[in-house]
Amino acid sequence: PDSEDTDTTATHARLTLSHAHRTRIHLHHHRTARSRRRGAPDARARVARSRARSAGHGERFVSSGRRDDDDDDKGARGARIGDTEPARAIGRRSMSVEMTRGALEIGETTLERYLDAALAARAASSEGAASSAIAEDEASVVRSMAKACVRIGGFVRRAGLKDVKAFVEGKNGAVNVHGEEQAALDDAAHEVCVKELIRGGRCAWIASEESEDIVTANVDGRIAVVFDPLDGSSNIECGVGVGTIFGLVDVGAESSPEHVYARPGRDMSTVGYVLYGASMVLVLSFMSEDAHGGVCAFTYDADRDAFVLTKRDIRIPESGNVYSVNQANYKKWDDATRAYIDECASSKSLRYIGSMVADVHRTLLYGGTFHYPACSSNAQGKLRAVYECFPMAAIIERAGGLAISGANDSVLSFVPSTAHSRMPFHCGSARDIERLDEILSSEVRAGKKGRVSSPSPR
């Protein structure tokens, strides 16, 4: 639209409407006018066509990861995830004056527009051109991960159907780096992520939980990406929420694979996860705890083929009435862990899904704690520090919670010795985790840490 039209509309709306309504109506009038000029079909035809596209959505993404829409469709609904340059151009043209100043609208702002606004806010700060360039790279990587997750979500939603059933139920005959038999769907999700990240061209290194080796991508890249492609995949057949976890690290020029993991978790920049559940939800913290909009949640809208902002500035409650842990391992824990869980059991409700992304997501929204302690069969813990613990801990802490691995041990202070190092993990509401730390610390002072006794049967 012409800048003159924009100014006139905005000035008129400012006299009569609230900030949020002004932006929505401003965009609506321009889109309507633009559609009329192009001879676009009327609203009923657009809705019918949108529903028809949605009905075939899963099949198209599973087979190719793309849609074969014509140019009119693309203009009517905006850019697709992954069509980076067209999407950014359309996003910039459609942003109102208010959006460029950082306004985020629940139910309206897409991931693409959010990233544009975050980059604009960063460029306007005093952090310099180098920081802005890195932010551009990280935004590009987020777009690539979002596109990969849409494809993975297509597999997950169609898990019981014939053409994907073999991926869900079958094993590919391989054993991954952790000594676990690898599900075919784990491997497929890994390949989807790697392919999209390499296509994006911004990554120096790509590290996956499903691969022993760290993949070299762009030798001129400055960003390393770590991810668990499909956390909780063993739960897919029963319809339980599963997810993808990812984190980005700035490794600079001429880096080596060790730069990806031989550093504390606090070096993680952009972190996020996607939950494939009743809806597909991306939770994102872009670059830092001071990110534009804070910790945000975006829900995938198939009609718009975009992640749309549904929560911003997420803050975990200071305490909660739920704890989440695999109680079956009670006898394998040390005395201090059992003491804390006993205290929880006397006053809180136990909720345990068995999928880290789903359990942590519930904890983030409703408060309480999530635990995966060390035990006699996994003395170093079972969760992987780089691929699972660091990104999740960063999100929880940026939302006001805490994440620890033991007495006075922050998860984000841990420095792994390998890309696949494991660690104990406790995260959740700040007051609840502080209470756990008190109990763990008192047991350490008493010299009881790590001693597994033989408690009475539970």
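Contact here means heavy atoms within 4.5 Å, and by that criterion residues 24 or more positions apart account for 67% of the contacts in the protein with a separation of 6 or more.

**View 1. Overview of the predicted model.** This is a predicted model, in which local features need pLDDT of at least 70 and side-chain atom pairs count only at pLDDT 80 or more, whereas totals for chains, interfaces and linings use all residues. Residues are numbered from 1 along each chain as its sequence is written, and side-chain values use heavy atoms, with hydrogens and water left out. The protein contains 16 helices and 18 strands, taken as DSSP runs (helices H or I, at least four residues; strands E, at least two) numbered from the N terminus.

**View 2. Helix 13 against helix 16.** Helix 13 (residues 335-347) and helix 16 (residues 430-445) pack at an angle of about 140°, their axes being 9 Å apart; the axes are lines fitted to C-alpha atoms over the stretch in contact, and angles run from 0 to 180 degrees between N-to-C directions. Residues making this contact include Ala 339 and Tyr 340 of helix 13, together with Leu 436 and Ile 439 of helix 16.

**View 3. The surroundings of Cys 149.** No disulfides (cysteine sulfur atoms within 2.5 Å) are found in a search of the whole structure, and for Cys 149 the nearest cysteine sulfur, that of Cys 193, is 5.6 Å away. Cys 149 is buried (under 20% relative accessible area, with exposed over 50% and partly exposed in between, for a 1.4 Å probe and protein chains only), its relative accessible area being 0%.
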